[in-house]
Amino acid sequence: MVSERTDGEWSWPGGWGDIGLTPSEVAIKVVKEESGFDVRAIKLISVLDKKFHPHPPSLYHVYKISM
């Protein structure tokens with residue numbers, strides 16, 4: 001868990017996937033950037049598709065991947 005800069009609350013590390021990186025590579029990169037820890041992504045926990053949840057219309061189609 002990491003402390004958010006905006007409000008000091010705790011959350012999981014997260015961010016946008018970079019073009020050319022696999023989901024595992026993105027997870028490893030984001031954890032390093034936000035916590036300073038070196039990790040390995042070993043298991044996919046969940047994939048949430050924004051289109052199946054009550055969100056307002058958006059220009060982006062977003063998946064939330066938990067590893």
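The largest pocket of this predicted model is lined by 35 residues, and those nearest its centre are Pro13, Gly14, Gly15, Lys64 and Ile65. By pocket I mean an open set of points on a 1 Å grid over the protein atoms alone, where a 1.4 Å probe fits and protein lies on both sides within 12 Å along at least five of seven lines; a lining residue has an atom within 4 Å of a point. The space in this pocket comes to about 1,200 Å³, the volume being that filled by probe spheres set on the points, which are joined across faces, edges and corners.

Which elements supply at least two residues each of this lining? They are α1, β3 (46-49) and β4 (63-66), with helices taken as DSSP runs of H or I of at least four residues and strands as runs of E of at least two, numbered from the N terminus. Helix α1 gives the most, seven residues. By residue class, the lining divides into 20 nonpolar, nine polar and six charged. Here Ala, Val, Leu, Ile, Met, Phe, Trp, Tyr, Cys and Pro count as nonpolar, Asp, Glu, Lys and Arg as charged, and the others, Gly among them, as polar.

A word on conventions. Residues are numbered from 1 along each chain as its sequence is written, and side-chain values use heavy atoms, without hydrogens or water. Because the model is predicted, local features need pLDDT of at least 70 and side-chain atom pairs count only at pLDDT 80 or more, whereas totals for chains, interfaces and linings use all residues.

Turning to the chain as a whole, it holds one helix and four strands, in the order β-β-α-β-β from the N terminus on. The C-alpha trace spans about 35 × 30 × 20 Å along its principal axes. Of the 67 residues, 9% are buried; buried means under 20% relative accessible area, exposed over 50%, and partly exposed in between, with a 1.4 Å probe and protein chains only. Among contacts (heavy atoms within 4.5 Å) with a separation of 6 or more, 15% join residues 24 or more positions apart.

I come now to the salt bridges, defined by a side-chain nitrogen of Lys or Arg within 4 Å of a carboxyl oxygen of Asp or Glu. The count is three. In one of them, Lys29 pairs with Asp18, with the closest N and O atoms 2.4 Å apart. This pair links distant parts of the chain, since Lys29 lies in helix α1 (residues 23-35) and Asp18 in the loop between β2 (10-11) and α1, 11 residues apart. Lys29 is partly exposed at 32%, and Asp18 is also partly exposed, at 32%.

Lys29 also meets Glu33 in a salt bridge, at 3.4 Å from N to O. These two residues are four apart in helix α1, so about one helical turn separates them. Glu33 is exposed, at 55%.

A further salt bridge joins Asp38 and Lys32 at 3.1 Å. Asp38 is exposed, at 67%, while Lys32 is partly exposed, at 39%. Shared partners join Asp18, Lys29 and Glu33 into one network of salt bridges.

Leaving aside residues up to four places away in sequence, Ser11 touches Met1, Val2 and Glu4.
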